[in-house]
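Open the model in your viewer and switch to a cartoon view. We will go from one selection to the next.

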Amino acid sequence: MSKEANVSAESSTNKIQRQDTATLPNSNIINILPLRSGCVYTSGYCEENVWKMCEDVSTRLPSELLHCHVVFVSNKARTIPLWRQRSGETEDKLVIYDYHAMLLYMPPAERCVVYDLDSELPFPTHFHKYVTETFRTDQVLDPDYFRYFRVIPAAQYVQNFASDRRHWRKADNSWLKTPPLYPPISTAACSHNMDQYVDMDQSKGPGQVLNLTQIVKRFHQQTTSS
């Protein structure tokens with residue numbers, strides 16, 4: 001992802017607190033990932049950061065990967081406003097990305113949580129809170145800024161995603177953004193297919209493309225443990 005601009009807006013300060021325990025506060029959800037500081041992270045490579053999180057879950061808690069989804073956010077204009085981002089330079093931490101990616105975890109009968117290493121919100125954050133503070137609403141935005149979401153099963157993403165990191169190459173082949181230290185992610189059949197994940201054309205590509213209202217309906221679940 002690349003940060004294209006900063007814009008000012010209000011933001012909420014209410015937070016659920018991340019606890020260093022086996023379960024998340026106020027729920028029965030197992031915390032499937034280590035602390036933020038324990039995750040593999042490279043600035044600007046959110047798609048690879050998410051792939052590394054999925055890889056970690058598949059290694060340590062493989063049965064839980066079935067309840068995980070990778071979500072890419074973008075639109076045709078490649079201009080998506082997200083609030084509460086750590087790279088934001090204004091008080092409300094708003095940035096305009098061309099795309100972004102995150103990991104969702106929703107075990108049966110529990111509220112969905114979001115793992116986003118680029119967010120200043122707790123790691124993880126309950127889905128409804130994350131959406132409310134990160135995406136807010138499309139109703140006040142120009143259509144060029146509407147957010148669309150490609151939702152992919154995490155197991156499928158780990159198996160099929162590939163990137164040669166060309167989107168961060170200059171014309172002279174030098175780097176616009178320093179790449180991760182590990183080799184590019186590839187499969188036996190493919191070295192680069194990242195564009196199909198960022199593309200929000202509903203007629204092609206992996207997973208399912210949803211608008212903001214649709215993704216909220218799919219993943220916002222209240223339970224008696226809330």
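Start by selecting residues 46-60: this is helix H1, which lies across S2, strand S5 (100-105) and strand S6 (113-115) and runs at about 20 degrees to S5. Helices (H or I, at least four residues) and strands (E, at least two) are DSSP runs, numbered from the N terminus. Axes are lines fitted to C-alpha atoms, for helices over the stretch in contact (heavy atoms within 4.5 Å), and angles run from 0 to 180 degrees between N-to-C directions.

Next, pick residues 212-219, helix H5, which packs on the sheet and touches S2, S5, S8 and S9. The direction of H5 makes about 105 degrees with that of S9.

A word on what you are viewing: this is a predicted model, where local features need pLDDT of at least 70, side-chain atom pairs count only at pLDDT 80 or more, and totals for chains, interfaces and linings use all residues. Residues are numbered from 1 along each chain as its sequence is written, and side-chain values use heavy atoms, with hydrogens and water left out.

Now colour the sheet. It is open, with 6 strands in the order S7-S6-S5-S2-S8-S9 and antiparallel pairing; two strands pair if DSSP finds at least two bridges between them. Strand S7 (125-126) and strand S9 (208-211) each have a single partner strand, so one side of each is left without a neighbour in the sheet.

Zoom in on S2 (residues 68-74) and S8 (residues 148-153), which are antiparallel and joined by 6 bridges. Here Phe-72 stands opposite Arg-150 in S8.

Finally, zoom out: the protein chain has 5 helices and 9 strands.
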